[in-house]
Each structure stands twice: as C-alpha cells, then as structure tokens.
Amino acid sequence: MPARTRTPGGPTLARRLWRSWQARIGGTIVVGLVLIVLLAPTLAPYDPLHPSVLDRFQGPSRAHWFGTDDLGRDILSRIVYGSRVSLRIGVIAVGIAFAAGVSLGLLAGFYRRLDNPIMRTIDVLLAFPGLLLAIAILGALGPSLTNAMIAVGITTVPSFVRITRSAVLRVRSQEYVEASRALGVRDGRILIRHVLPNISPEIIVTTTLSMANTILAASVLSFLGLGAQPPTPEWGAMVFVAKNYLGLAPHTALFPILAIFVTVLGFNFLGDGLRDALDPRLYQR
Amino acid sequence: MGSYIARRLLLAVPVLFGVSVLVFLILHLTPGNPALVIAGPDAPPNVVRDVERSLGLDQPLYIQYGRYLARIVRGDFGRSIQSREPVVDRLLATFPVTLTLAVVGVVWTIVVSVPMGIVAAYRRNSVVDLASIVVVLTGSAVPVFAVGLILLWIFAILLRWLPLGGYASLATVDGWRDIALPAITVGSGTMALLARLTRSSMLESLNQEYVRTARAKGMHELRVVVRHAFRNALLPVITIVGLQFGFLLSGAVVTETIFSLPGMGRLLVDAILSRDFPIVQGAVLFLAVTFVLTNLLVDVVYAVVDPRVRYQ
C-alpha cells in the first residue's frame, strides 16, 4: 500500500492541471473569456447599445457575423460586451458567497458551540430549492442586475459553508493545529495561518465551480426579467427579448445561449480539472 | 418504522419554522417602507398610514411575525394587492398546474434516464454509454430556458407538431400535447444526472457477489439485472429523484414562463414584477414547504426500501 503523502518534487500544479483534458479546454475557454472582457472595445465591431431600425433581424452575414436583434443592434458586439456583465456577475456573486461562506464555515468547523446555530441556519437556506431562494430575495429587493448578483451570491453561501466546515473538521485535529494551540497561538491566527492554507484546495475548486453556477443562475434570473434589464447586453436578458421573435429570427436567441453554454462549460471543466490536479491522492504513484 | 418517521417529522419542524421566518422577512427586507411601495410613491401620508395599519407594519416585528404565523396556520395568506383576491385562492388555482408539470417531468425523466443508465452500465464504453457522457457534460452547462426554447423552436415552430403553449386537463389529448414539451424541458437537467447516477450505481452492484451467485444459479440475465442488480442500485436513484423533484418545482418557474402555463412559478414571477408582496410571500412559502415535505417523504420511502436506514 503506497503512502498517501505528497512526494516532494512531484509535478507542479500547472503541469498536473495541463494533464487533464478538461482543465486544458476549461482553462483555454476561461482565458479566452478574460481576454474578450479586457479587449471588448477593440473586439466589438459596433456599439452594443446603438439601435439601427433599418438593420432589424438581419441573419448572420459578413457585416454582422451573428446577425442583428429586434432593434438592429449587432449581436456579436452585444455578446462581446455581455461577457463583461457575465464575468462581473460571477465575480461579485461568488465574492459574496466566498466572504460569507468561508468565514461562517471556518467558525462552524472550529468552534463547536457555533456549529449548531450556523448549520441550522444553513439548513433553512437549503430548504429552498435551487432558484427559489434567489427569486424570493429578488421579490424583496426588487428586480435588477445588482440585486440578482446579491441574490445568487446568498444562494451560493451554503455550499461554501459546508465545504469549508467539513474541510476545517478534517484539519482541526491535525498535529500542526494542536501544536500551535499548545504554543498559545491565538485562534484567529491559527485559522488564517494554518487552517485556511490547508483547506484551500477545496475552496479553490468550489470557487471555480460556483462561477459556472452563478453565471448560469443569473442568466436564468435575467431570462425571467428579474435580473439585468434591457438594454444591458446581458446574455440571459438578450434571450429574454429574443424569445418573442423565435419564429422570425431564432439566431437572436441562439448566439447568447451558445455564449452562456461555452462560458459555463469552461468554468465547469476548469473546476473539475482543478479538483483532479489539487487532489494529491490522484497523482501520487 | 413509526419512531423513525416521528423523528424525521420532528427534525422538519425547526426547518419549517426557519422557512416561515425567512419568508416573513421578505416583506421587511424591502428597501424603504413597504407600505409606500404598496400605496404608490405619490400616495398621501394618511393613505400610507392606513396601509401600514392594515398590514400591521406599525407593530413590533415579533408581534407581526406572531400574527403572520397565526394567519398562515389558518390558511389565510392575505389578499393580492393587484386583484384583491385571497392569495390562497390564487395558490390553489395554480399549484395543480405546477404539480402536474413536475410529476409528468419526473416520470418522463425516470422512464428515459433509468433504462439509459442501466444499459450504459451493462454495455460499458458502448455508444449508449458515451452518448450519456456527452448528454451529462452538455446538460450541466445549458440553462433550462435554452432547452425549452430549442424544443419550442423545433417542435412547435418548425415542425408544428406541438402547440406553442397553453394548458388543458390531462384527461384530454390536448392536455398531453400541451404538457409534452414543458415536461421534457423541466426534466432536462435531472435526466443527465439521473442517467449517470443509475449507471455508476449499477456498475457497483453488477460487480457484487450476489449478482455472480444469481448468474451461477443459471438465472435469466434480464432477471439478474433487474431483480438483483437494479434493486440494489435503486437507493441512490430514489434519493436523487426525490431531491430533484423539489428542484423541478423551481425549474417550473422558468418552464411555465416559456410555455405560458398558468402555474405557481409564473404567478410568482409576475407577482415580483408587479410588486405584489402577499402573492410573493405565499407562493415562496408554499413551494418551500412542498420541497421540505417532499424531502421528508423521500427519507421515509428510503427507509421502506432499505431497512438498514431505520436502524442507523
């Protein structure tokens, strides 16, 4: 039975990541997305908000690669700028979930007495199926892009709490934590200096996979008219408008759907690849 | 068995209590004065005060919650701001549609994905197996609304085989034609998951000693797979079906919007857009409680199927 320890001089994380086909595809998509976000003004051939009544519902052509929408706006340009909105949704929503979820998970895992109240509160959040909690929060805050980010962020908190808590429970009784305690190191310092770095693989994977889920969830909210509002070039909101013209111009819905699909697939693949690469049990031989 | 069910019921009580608190707070999380939102921005102060009084907003929060709880226990969810109808009437009128959609969706999903998972496990690395992998990978990245719109486009607009939307009783042929596309849509996310889960669960049980024993006894192969292997692979499948049933209820929100079904999900979205808080509160509470009760039911079924669970 081989020892389940990390071999010093084992392959670096980047190399292990590159070995997985999922991580290669996912990584390429995510890097591409970030480039599109940064270079949007250069890449977009037209102003994403500029209507042109004479050019309504044009099919894909050399002038408009992805065609034009109901107001004659260039769909490619709107998708390029939409990448900014989608990535921002992902980063902010996951940021909220990360900040709240990791802190609560650390507290619940580290302090026995806080475990029960925190986890029972999380149980209540989990009593709402999937999107319903986000929709309920939007019912209170009112429909808007910012509120959709907050709502999706809150919905994602439970998964961070659970992952962090179970990871803390795993490392809490390790010798290095006990040793720090014996040396009289303060709890806050133990949590941040010793516990957090050792549970980071789980958190990194959850963060990446949550990017996919939050972008997907926010697109659904926008599709329902509860998230981004027109004329914001958000992919879900674009499909929300396009669904009224499905018979006339199906391409107005198709391209934003493809954009969502590729982006979500990218983060999912990267997350799965990271999980494999960060799990030492999988690569030691 | 009785004590197991009683224990599970008791565990559900604090969760249901928490759900009611959260739903109650929806109205109070609203930025600004909810009475002002309800009465309208230009309403004179005395009207706003009247609305405050009628909603009980002038009372301390815990008294408001106590009254709220007392009302919903009696089935009084208040009145819609828009139509002045009792909320409970709207909920009872729309819930059967959502429930029908979810049930037909679940049944359709099981009928397709469980046999697919069994075949994928039995013929590992075959075309069916690879196809199921592709379905799962794409299924996890496609939003429900995309599946719905693509189906709508192909079967209702291009081929004109099925209607664009609408709802009729399932006792009629039209009812089934109406529900077909929505049911496939609502189950699409679960289908991929369930097929993969059935596959991995079957792979495990096909390798067990009792399967080898059954074969050694000369039992018919179909009987071995269905009676011996699948029966033992059923447990994780039931869990996922149960859990996903709740998610189908929320997926119904999207599906009902696409196919213009008069269900509770659409009622909820319309209520949010028109700021009809009593309807929002009622529908969210109703759906969340249904979800909690479904999970409870799954746990009980679980214990019936697998006696080991009861003794843990």
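This is a predicted model: local features need pLDDT of at least 70, side-chain atom pairs count only at pLDDT 80 or more; totals for chains, interfaces and linings use all residues.

Residues are numbered from 1 along each chain as its sequence is written, while chains are lettered from A and ligands numbered from 1 in the order in which they are written.

Chain A has eleven helices and zero strands, where helices (H or I, at least four residues) and strands (E, at least two) are DSSP runs numbered from the N terminus. Its C-alpha atoms fill a box of roughly 75 × 45 × 30 Å along the principal axes. Of the 285 residues in chain A, 48% are buried; a residue is called buried if 20 or more other C-beta atoms lie within 10 Å of its own, exposed if 12 or fewer, and partly exposed in between, with C-beta atoms placed from the backbone. Among the contacts in chain A with a separation of 6 or more, 71% are accounted for by residues 24 or more positions apart, a contact being a pair of residues whose C-beta atoms, placed from the backbone, lie within 7 Å.

Chain B, in turn, has 13 helices and zero strands, and its C-alpha trace spans about 85 × 55 × 35 Å along its principal axes. Buried residues make up 38% of the 312 residues in chain B, and 72% of its contacts between residues at least 6 apart in sequence join residues at least 24 apart.

Two packed helices are described by the angle between their axes and the distance between the axes; here the axes are lines fitted to C-alpha atoms, for helices over the stretch in contact, and angles run from 0 to 180 degrees between N-to-C directions. In chain A, α3(A) and helix α10 (residues 251-278) pack at an angle of about 35 degrees, with their axes 11 Å apart. Their crossing is right-handed, a crossing being left-handed if the near helix is turned anticlockwise from the far one by less than a right angle, and right-handed if clockwise. The contact is made by Ile75(A), Ile79(A), Gly82(A) and Ser86(A) of α3(A) and by residues of α10(A) including Phe255(A) and Ala259(A). By class, this contact of α3(A) with α10(A) has five nonpolar, four polar and no charged residues, where Ala, Val, Leu, Ile, Met, Phe, Trp, Tyr, Cys and Pro count as nonpolar, Asp, Glu, Lys and Arg as charged, and the others, Gly among them, as polar.

Helix α10(A) also packs with helix α9 (residues 235-242) of chain A, at an angle of about 155 degrees and with the axes 8 Å apart. The two are therefore roughly antiparallel to each other, since angles under 35 degrees count as roughly parallel, over 145 as roughly antiparallel, 65 to 115 as roughly perpendicular and the rest as oblique. The crossing of α9(A) and α10(A) is left-handed, and their contact has nine nonpolar, one polar and no charged residues.

In chain B, helix α5 (residues 87-122) and α12(B) pack at an angle of about 45 degrees, with their axes 10 Å apart, and are therefore oblique to each other. α5(B) passes α12(B) in a right-handed crossing, and the residues of their contact divide into seven nonpolar, one polar and one charged.

Leaving aside its neighbours within four places in sequence, Leu87(A) is in contact with Leu33(A) and Val37(A).

Beyond its neighbours within four places in sequence, Leu268(B) is in contact with Ile135(A), Val253(B), Val280(B), Ala283(B) and Val284(B).

Finally, where the chains meet, 38 residues of chain B are in contact with 35 residues of chain A. On the side of chain B that touches chain A, the largest share, eight residues, comes from α10(B), and the residues of that side divide into 32 nonpolar, six polar and no charged.

Notes. Two residues are in contact if their C-beta atoms, placed from the backbone, lie within 7 Å.
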